[in-house]
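Thanks for coming. I have one model to show today, and I will go through it element by element. Please look at the sequence and the structure first.

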Amino acid sequence: MKNSYKTLPILLVLCSLTGCGTLSTLRYSDSNISSKLSKSQTRCTTLSRIYSGIFFDICTVHSNSTHDLKGIGDAYYLFDTIPSSILDTVFLPYTIFKQFRFGSLTLGKSNGSDHIEKRVE
């Protein structure tokens, strides 16, 4: 049990250095997240705030991007779902609050707002 307390800080540092999907969605504004996914030409139209790191990785892999390193990038994002699922679970109370308060993030068209209006689903 004592070692598990040491594992979380190490996981957070490693994820922050690699650009973990969870930290990307928690750290940046809605417009930045939408812009990043639009640049990757994702086919996703919304991004749930609950388990957003996993959905961010899936939307990045599920893109129309044709650059030369796409296969390597896809493998990284598929690997990143493991630490993202752990961190998404740790931040679950916060992301549930944000989901109910602001709704899912609408991708593609940015209106310049940090919080997109709540969508009824």
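I will start with the overall layout, then take the helices, the disulfide and the cavity.

One caution before the details: this is a predicted model. The protein chain has six helices and two strands. Read from the N terminus, the order of the elements is α-α-α-β-α-α-α-β. The chain has 121 residues, and 37% of them count as buried. If we take contacts between residues at least 6 apart in sequence, 63% of these join residues at least 24 apart.

One pair shows such a separation directly. Thr46 and Leu107 are 61 residues apart in sequence, with a C-alpha to C-alpha distance of 5.3 Å. Thr46 is in strand β1. Its relative accessibility is 28%, so Thr46 counts as partly exposed.

Now to helix α3. Its buried residues are Asp30, Ser31, Ile33, Ser34 and Leu37. Viewed down the axis of α3, these buried residues fall within an arc of 160°, so they line one face of the helix. What lies over that face? The cover of the buried residues of α3 includes α2, β1 (46-47), α4 (52-61) and β2 (105-106).

Let me pick out a single residue there. Ser34 belongs to α3, which spans residues 30-39. Ser34 counts as buried because its relative accessibility is 3%. Leaving aside residues up to four places away in sequence, Ser34 touches Leu105, Thr106, Leu107 and Gly108. Just after α3, Gln41 has a positive phi of about 60°.

Tyr51 is not a glycine, yet its phi is positive, at about 55°. Where is Tyr51? It sits in the loop between β1 and α4. With 27% relative accessibility, Tyr51 counts as partly exposed.

How many disulfides does the model have? The count is one. The partners are Cys44 and Cys59, and their sulfur atoms are 2.3 Å apart. This pair links distant parts of the chain: Cys44 is in the loop between α3 and β1 and Cys59 is in helix α4, 15 residues apart. The torsion about the S-S bond of Cys44 and Cys59 is about -105°, so the disulfide is left-handed.

Are the two cysteines buried or exposed? The cut-off for buried is under 20% relative accessible area. Cys44 has 18% relative accessibility, so it counts as buried. Cys59 has 3%, so it counts as buried too.

Next, helix α6. Here Thr95, Lys98, Gln99 and Phe102 are buried. These residues cover an arc of only 100° around the axis, which puts them on the same side of α6. On the other side of α6, Pro93, Phe100 and Arg101 are exposed. The cover of the buried residues of α6 includes α2. Just after α6, Gly103 has a positive phi, here about 80°.

The volume of the largest cavity is about 90 Å³.

Which residues line the largest cavity? The lining is made of Thr25, Leu26, Ile33, Leu47, Ser48, Arg49, Ser52, Thr95, Lys98 and Leu105. Two helices, α2 (21-27) and α6 (92-102), each supply at least two residues of that lining. By class, the lining has four nonpolar, four polar and two charged residues.

Several names on that list have come up already. Ile33 is among the buried residues of α3. Thr95 and Lys98 are among the buried residues of α6.

That is all I have on this model. I am happy to go back to any element.

Notes. Residues numbered from 1 in each chain as written. Predicted model: local features only at pLDDT ≥ 70, side-chain atom pairs only at ≥ 80, totals over all residues. Heavy atoms only, no water. 1 Å grid on protein atoms, 1.4 Å probe; cavity = no way out; pocket = protein on both sides within 12 Å on 5 of 7 lines; lining within 4 Å. Points joined across faces, edges and corners; volume = space filled by probe spheres on them. Helix = DSSP H or I, 4+ residues; strand = E, 2+ residues; numbered from the N terminus. Nonpolar A, V, L, I, M, F, W, Y, C, P; charged D, E, K, R; others polar. Buried < 20%, exposed > 50% of the residue type's maximum accessible area, 1.4 Å probe, protein only. Contact = heavy atoms within 4.5 Å. Arc of directions from axis to C-beta. Disulfide = S-S within 2.5 Å.
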